[in-house]
Amino acid sequence: KPYVTDTVYYLNQAIKDGTMTIIMGELMEKIHPEAAYFTLSCGERCGYFFFDFHDSSELPALLEPLFRQLSADISITPAMNQQDLEKGFASLQNLKF
C-alpha cells in the first residue's frame with residue numbers, strides 16, 4: 001500500500017484544480033522573495049523561499065493560508081546577510097567572554 005500524506009493529497013488537488021498557481025502567486029506577492037526554488041525533499045515537493053521579514057508576528061498571516069489550503073508542512077530558518085552579521089558582531093563588543 002503506498003504511503004500518501006495529507007499534504008500530498010491537498011497539493012495534488014490544488015495542482016489539478018489550478019488553485020496551486022493562485023496560492024503561490026498570492027504568496028509571492030506578499031513576501032516578494034529574493035529567490036524561490038522548487039525541488040524535492042525526502043521524496044516530497046518542496047519550496048525554498050528567501051525573503052525579508054522584520055517581525056515574526058507577520059508569519060501567521062503569511063503561513064496560515066498554506067496550512068489551511070494545502071495542509072503544508074512549514075519550517076522557518078532565520079538567516080542573515082553580511083550587513084546583519086556585521087551588525088551582530090558589533091553588538092558583541094560589549095560582552096565579556
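Analyst: One definition to begin with: a nonpolar patch is made of residues with over 30% relative accessible area and no salt bridge, with nonpolar side chains joined within 5 Å. Keep in mind that this is a predicted model.
User: Okay. Which residues make the nonpolar surface patch?
Analyst: Met80, Leu85, Phe89, Leu92, Leu95 and Phe97. Together they make a patch of about 690 Å².
User: Where is Phe97 found?
Analyst: Phe97 sits in the segment after helix 4, which covers 82-91.
User: Is Phe97 buried or exposed?
Analyst: Exposed. Its relative accessibility is 87%, and the cut-off for exposed is over 50%.
User: Now charges. Which residues form the negative surface patch?
Analyst: That patch is formed by Glu34, Asp52, Asp55, Glu58 and Asp84.
User: Take Glu58. Where is it found?
Analyst: In the loop between strand 2 (44-50) and helix 3 (59-70).
User: And why does Glu58 count as partly exposed?
Analyst: Because its relative accessibility is 32%.
User: How many salt bridges does a search of the whole structure find?
Analyst: One. Glu64 pairs with Arg68. Their closest N and O atoms are 3.0 Å apart.
User: Why can side chains pair like that?
Analyst: Side chains of opposite charge can pair when their charged atoms come close.
User: Where do Glu64 and Arg68 lie?
Analyst: Both are in helix 3. They are four residues apart, about one turn of the helix.
User: Where does His32 lie, and is it buried or exposed?
Analyst: His32 lies in the loop between helix 2 (19-31) and strand 1 (35-41). It is exposed, with a relative accessible area of 59%.
User: What about the phi of Cys42?
Analyst: Cys42 has a positive phi too, of about 55°. Cys42 is not a glycine either.
User: And the place of Cys42?
Analyst: The loop between strand 1 and strand 2. Cys42 counts as exposed, with 82% relative accessibility.
User: Let's go into a strand. Where is Gly47 found, and what is it in contact with?
Analyst: Gly47 is in strand 2. Leaving aside neighbours within four places in sequence, it is in contact with Tyr37 and Phe38.
User: How far apart are the C-alpha atoms of Gly47 and Ala36?
Analyst: They are separated by 7.0 Å. Along the chain, Gly47 and Ala36 are 11 residues apart.
User: And how accessible is Gly47?
Analyst: Its relative accessibility is 33%, so Gly47 counts as partly exposed.
User: Last one, Thr7. Where is its place?
Analyst: Thr7 is in helix 1, residues 6-17.
User: Is Thr7 buried or exposed?
Analyst: Buried. Its relative accessible area is 17%, and buried means under 20%.
User: What does Thr7 touch?
Analyst: Leu70, Ser71 and Ala72, not counting residues up to four places away in sequence.

Definitions and conventions
Residues are numbered from 1 along each chain as its sequence is written. This is a predicted model: local features need pLDDT of at least 70, side-chain atom pairs count only at pLDDT 80 or more; totals for chains, interfaces and linings use all residues. Side-chain values use heavy atoms; hydrogens and water are left out. Patches are made of residues with over 30% relative accessible area and no salt bridge: like charges are joined within 9 Å, nonpolar side chains (Val, Leu, Ile, Met, Phe, Trp, Tyr) within 5 Å. Accessible areas come from the Shrake-Rupley method with a 1.4 Å probe; for residues, only the protein chains shown count as cover. A salt bridge is a side-chain nitrogen of Lys or Arg within 4 Å of a carboxyl oxygen of Asp or Glu. Lys and Arg count as positive and Asp and Glu as negative; His and the chain ends are not counted. The place of a charge is taken as NZ of Lys, CZ of Arg, CG of Asp or CD of Glu. Helices (H or I, at least four residues) and strands (E, at least two) are DSSP runs, numbered from the N terminus. Buried means under 20% relative accessible area, exposed over 50%, partly exposed in between (1.4 Å probe, protein chains only). Contact means heavy atoms within 4.5 Å.
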